[in-house]
Amino acid sequence: MDHSQILEACGLPHGTDGPGGLAVTTPVDGSVIARLSQHSPAQAQEAIDRAAAAFEIWRDVPAPRRGALVRLIGKELRAEKENLARLVSLECGKIVQEGRGEVQEMIDICDFALGLSRQLYGLTIASERPGHAMRETWHPMGVCAIITAFNFPVAPWCWNAALALVCGDPIIAKPSEKAPLCALAVQRICERALERFGDAPDGLVQTLVGGAELGAALAASPRVAIVSATGSVPMGRKVAGAAAERMGRCILELGGNNAMIIAPSADLELAVRAAVFSAVGTAGQRCTSLRRLIVHEDVADGVITRLRHAYDGLRIGDPLAEETLVGPLIDSDAGTAMSAALERAAAQGGTVHGGAPVLGDRFPGATYRQPALVEMPEQSDVVHAETFAPILYVMRYRTLDEAIALQNAVPQGLSSCIFSTDIRECERFLSASGSDCGIANVNIGPSGAEIGGAFGGEKETGGGRESGSDAWKGYMRRQTATVNWSRELPLAQGIRFDL
Ligand code: UN1
């Protein structure tokens, strides 16, 4: 399949003579694959109007019926899995296996949300007053804006969209300018599901194509009840600031600087395989990518030798070719950031293995890099920053306390893991004084989380939770209701107020 056939299979416009000013390039070879027109801030306001009107209707549709729409979206996604996976690969450069994985996450969260549509449970609470009943109910919250990043153009949309729709909230997607085609393909898929569903309100599912000004308009609008944003910390700061001005709710999933601790008792074969997948998968462009390896000094030399061997055998190339393991970086800016980080690491005493540009002759317009392994004498500045590229910093430790302190010493708090067969060490890592991240794994790498758990993390990662567990509560408003069915009016706290 050539690039235009991939776009065609998803029903998208292609070619460079499209109407709009937004040129979409593929990181595969750097060529322009489509031109799209962009929405203006005024059109964003119109979209908000439509979504707000849709909310008035959708909130009263019974939740299991809302679930039926998400079931239809899941059905369409199953049918479109391969086409969408290829588009993800083409537009964001991840290998097609990972594109399929991303669409699978969408399907899985649709199943999850469908079940949830019959389980939006509240509570009954014992009242302290006689003849009174107390309960907690979850109601739809309002319009939900979903701002997504280029590296995961479809799964995070669906973690948010599937839950929001079931919870009674209309959605407005604002994809990255680097991956609008995936968002448009998903919008088309939803439109087919909406048509089958029959009587959903107009404006329930919308997509806005354009730059940061659209995200800003959504974040600032008092009619957008929830702003769920995935992306960089600077973007999250802007969104959170604008939403805070109007006391809007944010769900933020921002940067990660994820570590793996390899203890002396670890199964090294497993640890090295996990480290390689999480460090070089998606060319190091996942928020959950492994960026720091904290290895016990007794096993460090052996681990580094195995890693270097594995890195030497990585098949770097066209992400659409089945045999490829590492695709390109998203653009040349990402390559520049990678080179700058490697230079800083070297200046801070690091020994750099790999990291060189490759495939320049075959794809002169693209940015392919050998993944880099960098032995650091300590966890210096450069290691504290999230560089969205395949760079794995390796540091050594002596005691587990020291390893956990290193793991927690960065500003981000998304994902973490330990490889150990010592149960004491593993449980210590998972304890209150262990990893400070939203995700902490044992004998599994930091990336590739399942949808069933709550996804997100602390500190600069933003504190939001998406996807499974009770993340749905972030898309609803909690109402505490006390009903007096007696003929008296007793006050709480025993207060007497006799007239
Ligand atoms: C992201 O990179 O924004 O855990 C999300 C994982 C995926 C999600 C990554 N399920 O790696």
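Student: What makes a residue part of the surroundings of the ligand?

Tutor: The test is distance: a residue is near a molecule if its C-beta atom, placed from the backbone, lies within 6 Å of it. The residues around the ligand are Glu105, Asn151, Phe152, Pro156, Thr230, Arg286, Cys287, Thr288, Ser447, Gly448 and Ala449. This is a predicted model, in which local features need pLDDT of at least 70 and side-chain atom pairs count only at pLDDT 80 or more, while totals for chains, interfaces and linings use all residues. Residues are numbered from 1 along each chain as its sequence is written.

Student: How many residues of each class are in the shell around the ligand?

Tutor: Ala, Val, Leu, Ile, Met, Phe, Trp, Tyr, Cys and Pro count as nonpolar, Asp, Glu, Lys and Arg as charged, and the others, Gly among them, as polar. By that rule the shell has 4 nonpolar, 5 polar and 2 charged residues.

Student: Why is Tyr368 called buried?

Tutor: A residue is buried if 20 or more other C-beta atoms, placed from the backbone, lie within 10 Å of its own, exposed if 12 or fewer, and partly exposed in between. Tyr368 has 24 C-beta neighbours inside 10 Å, so Tyr368 counts as buried. In the chain, buried residues make up 53% of the 499 residues.

Student: Which residues is Tyr368 in contact with, leaving aside neighbours within four places in sequence?

Tutor: Contact requires C-beta atoms, placed from the backbone, within 7 Å of each other. On that basis Tyr368 is in contact with Ile316, Pro328, Pro357, Val358, Leu359 and Phe363. Pro328 is 40 residues from Tyr368 in sequence, yet their C-alpha atoms are 4.4 Å apart.

Student: What makes a set of residues a nonpolar core?

Tutor: Its members are buried Ala, Val, Leu, Ile, Met, Phe, Trp, Tyr and Cys residues joined through C-beta atoms within 7 Å. The largest such core here has 160 residues, and Cys110, Ala162 and Val227 have the most contacts inside it. Helix α3 (residues 63-92) gives the largest share of this core, 11 residues. Helices are DSSP runs of H or I with at least four residues, and strands are runs of E with at least two, numbered from the N terminus. The chain has 14 helices and 23 strands.

Student: Why is the chain called as compact as a globular protein of its length?

Tutor: The radius of gyration is taken over C-alpha atoms, and the globule rule is 2.2 Å times the number of residues to the power 0.38. For 499 residues the rule gives 23 Å and the chain has 24 Å, which is close, so the chain is as compact as a globular protein of that length.

Key. Two residues are in contact if their C-beta atoms, placed from the backbone, lie within 7 Å.
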